[in-house]
Amino acid sequence: MLNILFDVPGSPVAQLKTSQEAKEALDSKKGVLWVDVRGRTDESDAVLREVFGFHELAIEDVYSEHHRPKVEDYDEYLYLIVMCLGERWSLEDVETVEVDLFLGLNFVVTHHSTGAPEIEELRKAIVDGTSDVMDKGAAFLAHGILDKIVDRLRPLGEGYMNTIDSIED
């Protein structure tokens, strides 16, 4: 499944439907393109390979789960692997979801195999017009995504600290 947003300054955020539209938006270099990929399809393969031309090793990492978080520099873009909380979690049972993120000069591509609530929340806010994070550039969009991931981890850390404090007392 692909969710494609394109933001040109001074215009409303456009929701694109096809990889061809994404390619045209990317080539225009007029705004910020965000492609969010959930799972794997022939279309998602085409987007990663043909629209963005990502390195084969990075694409292999995207579709292989259970990596450690990392950052790799491919000259034209950065590739990050981060972990976010799954849709359901508790202090006793923490489920994480791997999120792959590519950051280029005028684009962000995210990939996750299952739901990533932080990404969906930010995408919805952008579409609804309650977030202008894409207006500020691709790096700011990537920061916004990572910030949502960290914010959602905070209650987990606080819960563990409270548990440790109660054990110490």
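**Reading burial, salt bridges and a pocket**

Reader: Which residues of helix α2 (residues 42–51) are buried?

Author: In this predicted model, the buried residues of helix α2 are Ser 44, Asp 45, Ala 46, Val 47, Leu 48 and Val 51. Asp 45 shows how such a label is reached: its relative accessibility is 16%, and it is therefore buried, since the label applies under 20%.

Reader: What covers the buried residues of α2?

Author: The cover includes the helices α1 (19–28) and α3 (56–63). It also includes the strands β1 (2–7), β3 (32–38), β6 (96–104) and β7 (107–112). Just after α2 comes Gly 53, whose phi is positive, at about 65 degrees.

Reader: Where do these elements belong in the order of the protein, from the N terminus on?

Author: The elements run β-β-α-β-α-α-β-β-β-β-α-α, with 5 helices and 7 strands in the protein. Of the 169 residues, 45% count as buried. The protein exposes about 9,400 Å², and carbon and sulfur atoms supply 52% of that area.

Reader: Which residue meets Asp 61 in a salt bridge, and is Asp 61 buried or exposed?

Author: The side chain of Asp 61 meets that of Lys 70, at 2.8 Å from N to O. Asp 61 has a relative accessibility of 13%, so it counts as buried. Lys 70, by contrast, is partly exposed because its value is 26%. Salt bridges with shared partners join Asp 61, Lys 70 and Glu 72 into one network.

Reader: What is the N to O distance between Lys 136 and Asp 132?

Author: The distance is 3.7 Å, and the two side chains meet in a salt bridge. Asp 132 counts as partly exposed, because its relative accessibility is 42%.

Reader: In which helix is the place of Glu 118, and with which residues is Glu 118 in contact, leaving aside its neighbours within four places in sequence?

Author: Glu 118 belongs to helix α4 (residues 117–128). At 3% relative accessibility, Glu 118 is therefore buried. Beyond those neighbours, the contacts of Glu 118 are with Cys 84, Leu 85, Lys 148, Ile 149 and Arg 152. For Cys 84, the separation from Glu 118 is 34 residues in sequence, while the C-alpha atoms lie 8.1 Å apart in space.

Reader: How much space lies in the largest pocket, and which residues line it?

Author: The largest pocket holds about 230 Å³ of space. Its lining consists of Leu 26, Asp 27, Lys 29, Phe 52, Glu 76, Tyr 77, Leu 105, Asn 106 and Phe 107. By type, that lining divides into 5 nonpolar, 1 polar and 3 charged residues.

Note on methods: Residues numbered from 1 in each chain as written. Predicted model: local features only at pLDDT ≥ 70, side-chain atom pairs only at ≥ 80, totals over all residues. Heavy atoms only, no water. Buried < 20%, exposed > 50% of the residue type's maximum accessible area, 1.4 Å probe, protein only. Salt bridge = Lys/Arg side-chain N within 4 Å of Asp/Glu carboxyl O. Helix = DSSP H or I, 4+ residues; strand = E, 2+ residues; numbered from the N terminus. Contact = heavy atoms within 4.5 Å. Areas by Shrake-Rupley, 256 points an atom, 1.4 Å probe, with all protein chains shown as cover. 1 Å grid on protein atoms, 1.4 Å probe; cavity = no way out; pocket = protein on both sides within 12 Å on 5 of 7 lines; lining within 4 Å. Points joined across faces, edges and corners; volume = space filled by probe spheres on them. Nonpolar A, V, L, I, M, F, W, Y, C, P; charged D, E, K, R; others polar.
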